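Dear colleague,

Please find the structure below, handed over for your records. My findings follow it.

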Amino acid sequence: MNVPLTIEILKDLKHKGYNILKSDNSVDDVIQHFVPTKVNDLWAFMSEFKEESATVVIEQILDVPEEVLEGKFLRVF
């Protein structure tokens with residue numbers, strides 16, 4: 001199931017200890033799907049993922065306007 005990504009959901013995920021939205025999508029994909037992830041060593045994680053990945057740090061997108069999140073979804077299992 002896919003859930004549209006919102007600022008409220010991002011804040012809730014951060015409160016629950018998630019700090020990464022991991023994605024197999026490219027930054028160029030119009031529709032992007034993310035899986036919330038908890039990473040202990042953020043710097044090590046960031047050095048390992050592909051730059052063209054749509055993976056993001058939750059803290060970095062908390063202040064973006066809601067419309068920036070359009071077309072982005074969380075995968076819920």
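What percentage of the 77 residues of the chain count as buried? The value is 31%, where buried means under 20% relative accessible area, exposed over 50% and partly exposed in between, with a 1.4 Å probe and protein chains only.

Two remarks on conventions come first. This is a predicted model, in which local features need pLDDT of at least 70 and side-chain atom pairs count only at pLDDT 80 or more, while totals for chains, interfaces and linings use all residues. Residues are numbered from 1 along each chain as its sequence is written, and side-chain values use heavy atoms, with hydrogens and water left out.

Overall fold

The chain has 3 helices and 5 strands, arranged along the sequence as β-α-β-β-α-β-α-β. Here helices (H or I, at least four residues) and strands (E, at least two) are DSSP runs, numbered from the N terminus. The radius of gyration of the chain is 12 Å, which agrees with the value near 11 Å that a compact globule of 77 residues would have; the radius is taken over C-alpha atoms, and the globule rule is 2.2 Å times the number of residues to the power 0.38. Along the principal axes, the C-alpha atoms fill a box of roughly 30 × 30 × 25 Å.

Of the contacts in the chain with a separation of 6 or more, 65% are between residues 24 or more positions apart, contact meaning heavy atoms within 4.5 Å. The accessible surface comes to about 5,400 Å², and 53% of this belongs to carbon and sulfur atoms (Shrake-Rupley method with a 1.4 Å probe; for residues, only the protein chains shown count as cover).

Individual residues

Glu8 is placed in helix α1 (residues 7–15) and counts as exposed because its relative accessibility is 67%. Its C-alpha atom is separated by 9.6 Å from that of Glu66, 58 residues apart along the chain.

Asp29 lies in the loop between β2 (20–22) and β3 (32–37). With a relative accessibility of 33%, Asp29 counts as partly exposed. The side chains of Asp29 and Asn25 are joined by a polar contact of 3.1 Å, that is, a pair of N or O atoms within 3.5 Å; within protein, one must be able to donate a hydrogen and the other to accept it, and residues adjacent in sequence count only if both atoms are side-chain atoms. Asp29 and Lys72 are 43 residues apart in sequence, with 9.9 Å from C-alpha to C-alpha.

Finally, the charged end of Lys38 sits over the ring of Tyr18, 4.9 Å from its centre (NZ of Lys or CZ of Arg within 6 Å of the ring centre and within 35 degrees of the ring normal).

Yours sincerely
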